[in-house]
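These are my notebook entries on one structure. I go from the contact between chains to single residues.

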Number of protein chains: 2
Amino acid sequence: VRILITAGPTREYLDDVRYLSNASTGKMGYALVRSARLRGHDVVLVSGPVDLPAPEGCEVLRVVSSREMHAACLSRFPQCDGVIGAAAVCDYRPRARLPGKIKKTGKGLQLDLVETEDILATLGRIKEHRWIVGFALESEDARPNALRKLESKHCDAIVLNHPRAIGADDSSIELIDRSGETAGAWTAEKAVLADHLLAWIESTLGGD
Amino acid sequence: VRILITAGPTREYLDDVRYLSNASTGKMGYALVRSARLRGHDVVLVSGPVDLPAPEGCEVLRVVSSREMHAACLSRFPQCDGVIGAAAVCDYRPRARLPGKIKKTGKGLQLDLVETEDILATLGRIKEHRWIVGFALESEDARPNALRKLESKHCDAIVLNHPRAIGADDSSIELIDRSGETAGAWTAEKAVLADHLLAWIESTLGGD
């Protein structure tokens, strides 16, 4: 089985120096890559800027912005059987990226943010026989929000986690299947969580 | 001689997940710490979030935001003989940090940014006999901008570099002394640049 995996944050630059981002380190996504490789799958990794070494034995596309991640995923998804969207993609980007470095004026700055492309939603529209497993990072009304994302992005399952997970070595996740049922809930190191998720994907989404 | 060194970026959160930052990796600041230690100085490092191991043999204060870096520097500067401000401190922060994670609404988002505390300018006002070496990251009108910062922050010297330096292993810098003269200009690995800067500080600002 050939699996597209996204990992890490994206960065949305307002000028040549400053950007919007989040503290994602890519650990969850890279753990999924390792687990998938060890289980014998082909992997395409689309990775935002992280400090982790490139995993061996798989194609790696390095990107910076959500727009680049969107394009990379669109180019590889058709050749894959499914996607696991573990990246912490920025939801907003500055409307314009200014050249150079915006000078301080002594006053503040009004930053006009627009929503970025929703990568999984895009893949959901062209999925056909392919499966999609998304991640939802939620701080409140977590389960209803995760269910809404599951539905609107045409996911086959969604992994619910919490802002505490960002950058941490371990995490607590709940795996919600297409019917909205809890298919699993674990607190463990990300390597272990990754293996649970891959095992479930193989048995349920036909990843064998 | 006891030297305060700042390194790395800061992060300015708009909610519990998203922040403004820059791609500084802390390499220049950490190279300065190593060089200063090898030259026999005492060092206090105030470091933003970086992926570098904590240097041995010096006090390390880890901070996230520019406000925390400002407070850490204010608390340690009085016990030091000088400061090298190599951190890429965010100039702007969101006026408010919202709890949780701002929900997408399908519309954009207006982000109201205010200027952060200018750490070196604050230290410049209380410096007395202490020396201050700043960094200026400039994309255009570089030298006039660096000279203006030198003056307004009461620096004894300013190191002019370019956005290309961010995250790179080597860099091109120009060292400008208090009179506005070029005291040195080098293109080299950051370890080498750090040693040039420390040598100049020792000979000119009385760091022996």
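**Entry 1: a term to begin with.** I count a salt bridge when a side-chain nitrogen of Lys or Arg lies within 4 Å of a carboxyl oxygen of Asp or Glu. With that rule I looked up A:D91, which forms a salt bridge with B:R18, the closest N and O atoms being 2.4 Å apart.

**Entry 2: ground rules.** I am working with a predicted model, where local features need pLDDT of at least 70, side-chain atom pairs count only at pLDDT 80 or more, and totals for chains, interfaces and linings use all residues. Residues are numbered from 1 along each chain as its sequence is written, chains are lettered from A and ligands numbered from 1 in the order in which they are written, and side-chain values use heavy atoms, with hydrogens and water left out.

**Entry 3: the two copies.** The same surface serves both copies, since 100% of the contact residues of chain B recur in chain A. Contact here means heavy atoms within 4.5 Å.

**Entry 4: the interface.** How many residues does each chain give to the contact? I find 38 from chain B and 38 from chain A. Together the chains bury about 3,300 Å², with 49% of it on carbon and sulfur atoms. Buried area is the accessible area (1.4 Å probe) that two parts lose on being put together, summed over both. Across this interface the rule finds four salt bridges.

On the side of chain B that touches chain A, the elements giving two or more residues are β3 (18-22), β8 (109-115) and α4 (142-152) of chain B. β8(B) gives the most, with seven residues. Helices (H or I, at least four residues) and strands (E, at least two) are DSSP runs, numbered from the N terminus.

**Entry 5: a bridge between chains.** A:K103 and B:E138 meet through their side chains in a salt bridge (3.0 Å, N to O). The pair crosses from the loop between β7 (92-94) and β8 (109-115) of chain A to the loop between β9 (131-137) and α4 of chain B. Buried means under 20% relative accessible area, exposed over 50%, and partly exposed in between (1.4 Å probe, protein chains only).

**Entry 6: bridges within a chain.** I looked up A:R76 and A:E59, whose side chains form a salt bridge (2.7 Å, N to O). A:R76 lies in helix α2 (residues 66-76) and A:E59 in strand β5 (residues 59-62) of chain A, so the pair ties together parts 17 residues apart in sequence. A:R76 is partly exposed at 23%, and A:E59 is partly exposed at 30%. A:R2, A:E59 and A:R76 are linked in a network of salt bridges.

In chain B, B:D118 and B:K153 meet in a salt bridge (3.1 Å, N to O). B:D118 is partly exposed at 25%; B:K153 is buried at 15%. Over all chains the count comes to 35 salt bridges.

**Entry 7: one strand residue.** A:N161 is found in strand β10 (residues 157-161) of chain A. A:N161 is buried, with a relative accessible area of 12%. Leaving out residues up to four places away in sequence, A:N161 touches A:F135, A:A136, A:L137, A:E138, A:S171, A:S172 and A:I173.
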